[in-house]
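I opened the notebook to record what I looked up in this structure.

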Amino acid sequence: MFNAIKISGYKGIADLEIFKIPRILLIGGKNNVGKSSVLEAIFMTLDRMNPDLLSRHLSFRGVAGVPLTPDSWWRPIFSNYDLSKPIEICLTDSRSKSLRFRVSHDPKFTAYNVQQPSVAQQIPPKTTSASTATPVQALHISANYNNRSIQDSHLLIQQQGFVFQVKHAEGLSFPGIYLSSTTRSSPREDASRFGQLDLDNKTGQILEVAQLIEPRITGLSVIALGEVAEIHATVQGLPRKVPISLMGDGVGRILSITLSLFSCSGGIVLVDEIENGLHHSKLAGFWTAITNACIAANCQLIATTHNYECLSAASKSSAEIDKTCFAYVRLDRRKGNEKIVPVQYSGDELAAALTSEFEVR
């Protein structure tokens with residue numbers, strides 16, 4: 001798990017540090033203060049070998065139809081749209097080892113033999129003939145872990161799409177899953193995760209979580225119709241099983257989150273607006289299930305919210321199960337400058353603030 005995060009130069013975050021991060025961290029704050037951007041920055045660091053790593057934030061926010069140009073795809077992720085200032089993200093774990101990720105604009109980079117989009121390519125040696133060299137705009141993407149280089153690469157935009165040219169990369173990876181606030185999880189991904197748990201006879205907890213939202217569900221199974229596999233629910237009173245995608249948002253949302261946690265052992269699950277689709281009366285049971293799942297799967301959860309009932313339920317659940325596993329951070333943007341200041345609460349401090357009816361969202 002990571003217990004400290006530092007983000008510089010990403011979107012509206014000029015400089016932000018959050019320390020003492022436990023197993024479960026909720027992030028709150030006013031609109032447009034940078035809550036979702038924190039999740040995106042963390043996921044981008046974990047997803048750093050994906051040619052789409054710098055564009056996936058658009059799909060997370062439901063944006064489509066963007067022209068394939070550096071100004072449209074790259075410039076918006078740099079603070080103040082300034083390509084001259086690099087993006088730097090540092091995630092530090094409990095052993096004080098840091099994963100440092102850096103993205104900088106490299107307008108003078110020369111590409112060699114670029115042909116296929118979205119494919120990591122090994123850069124040919126410098127003896128490659130000049131006739132195959134093409135000056136292009138590129139981003140230099142690098143990473144190191146514990147002061148050891150684990151990635152040195154360039155991301156290019158070509159007519160065919162995004163291309164990675166990799167000079168050096170190691171297989172060091174940290175599992176990470178991002179769940180957007182605006183789009184539902186892929187039924188195929190959920191089915192795959194459920195199937196893996198089913199192989200290990202570990203689907204009982206998933207069924208219990210689904211029953212929190214819809215008590216009439218008596219069973220869950222993966223059914224493949226043609227090339228499409230999806231989780232189906234057996235529901236009391238209905239003559240046939242129902243695809244989860246056709247049930248309410250609450251059932252699908254809670255299943256996606258729980259399946260992600262159990263499928264990301266040793267990693268991080270990032271959830272934007274975690275309370276979406278859930279009725280306030282279900283939040284207490286939801287947070288009990290989520291806290292137990294994080295502990296059982298040895299997984300870290302970082303999520304955003306601006307819901308009072310969600311904060312209250314999370315605080316109570318952590319107090320009952322393990323008060324050291326939960327914290328809340330509210331992001332405040334100081335007037336007159338761009339600085340975002342984190343105000344952090346432990347589980348006990350949040351409970352006291354909520355009891356006193358302080359505004360902490």
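Contact here means heavy atoms within 4.5 Å. I worked on a predicted model, where local features need pLDDT of at least 70, side-chain atom pairs count only at pLDDT 80 or more, and totals for chains, interfaces and linings use all residues. Residues are numbered from 1 along each chain as its sequence is written, and side-chain values use heavy atoms, with hydrogens and water left out.

**Entry: cores**

I started with Leu301 and skipped its neighbours within four places in sequence. Leu301 is then in contact with Arg23, Ile24, Leu25, Leu261, Val269, Val271, Ile274, Trp287, Ile290 and Cys294.

Next I looked up the cores. I took a nonpolar core as a set of buried Ala, Val, Leu, Ile, Met, Phe, Trp, Tyr and Cys residues joined through side-chain atoms within 4.5 Å. Buried means under 20% relative accessible area, exposed over 50%, and partly exposed in between, with a 1.4 Å probe and protein chains only. The largest nonpolar core holds 54 residues. Leu301 is among those with the most contacts inside this core, together with Leu26, Leu220, Leu261, Ile274, Phe286 and Trp287. Helix α7, residues 283-297, gives the most to this core, with 8 residues. I took helices (H or I, at least four residues) and strands (E, at least two) as DSSP runs, numbered from the N terminus. A second, separate core has 52 residues, including Leu53, Leu99, Ile157 and Leu270. As background, nonpolar side chains tend to be buried together in soluble globular proteins.

**Entry: aromatic rings**

I searched the whole structure for aromatic pairs and found 5. Rings of Phe, Tyr and Trp (its six-membered ring) pair if their centres lie within 6.5 Å; planes under 30 degrees apart count as stacked, over 60 as edge-to-face and the rest as tilted. Phe2, Tyr145 and Phe174 form one cluster.

**Entry: pocket and cavity**

I used a 1 Å grid over the protein atoms alone: a cavity is a set of points where a 1.4 Å probe fits but cannot get out, and a pocket is an open set with protein on both sides within 12 Å along at least five of seven lines. Lining residues have an atom within 4 Å of a point. Grid points are joined across faces, edges and corners, and a volume is the space filled by probe spheres set on the points.

The largest pocket has about 380 Å³ of space. Its lining has 21 residues, and the closest to the centre are Asn32, Gly34, Ser36, Ser37 and Arg61. Helix α1 (residues 35-46) gives the largest share of this lining, 4 residues. I sorted the lining by class: Ala, Val, Leu, Ile, Met, Phe, Trp, Tyr, Cys and Pro count as nonpolar, Asp, Glu, Lys and Arg as charged, and the others, Gly among them, as polar. The pocket lining has 11 polar, 7 charged and 3 nonpolar residues.

How many cavities of 30 Å³ or more are there? I counted 1. The largest cavity has about 70 Å³ of space. Tyr10, Glu40, Phe43, Met44, Asp47, Leu53, Arg56, His57 and Phe60 line it. The elements that give two or more residues to this lining are α1 and α2 (56-60). By class, the cavity lining has 5 nonpolar, 3 charged and 1 polar.

**Entry: positive phi**

Lys20 is not a glycine, yet its phi is positive, about 50°. Lys20 sits in the loop between β2 (13-18) and β3 (24-29) and is exposed, with a relative accessible area of 73%. Ser96 also is a residue other than glycine with a positive phi, near 65°. The loop between β4 (87-93) and β5 (98-106) holds Ser96, which is exposed at 62% relative accessible area.

Is Ile77 buried or exposed? Ile77 counts as buried, at 0% relative accessibility, and lies in the loop between α3 (70-73) and β4. Not counting residues up to four places away in sequence, Ile77 touches Gly9, Tyr10, Lys11, Leu54, His57 and Ile87.

Gly28 is in strand β3 and counts as buried at 0% relative accessibility. Met49 lies in the loop between α1 and α2 and is partly exposed at 33%.
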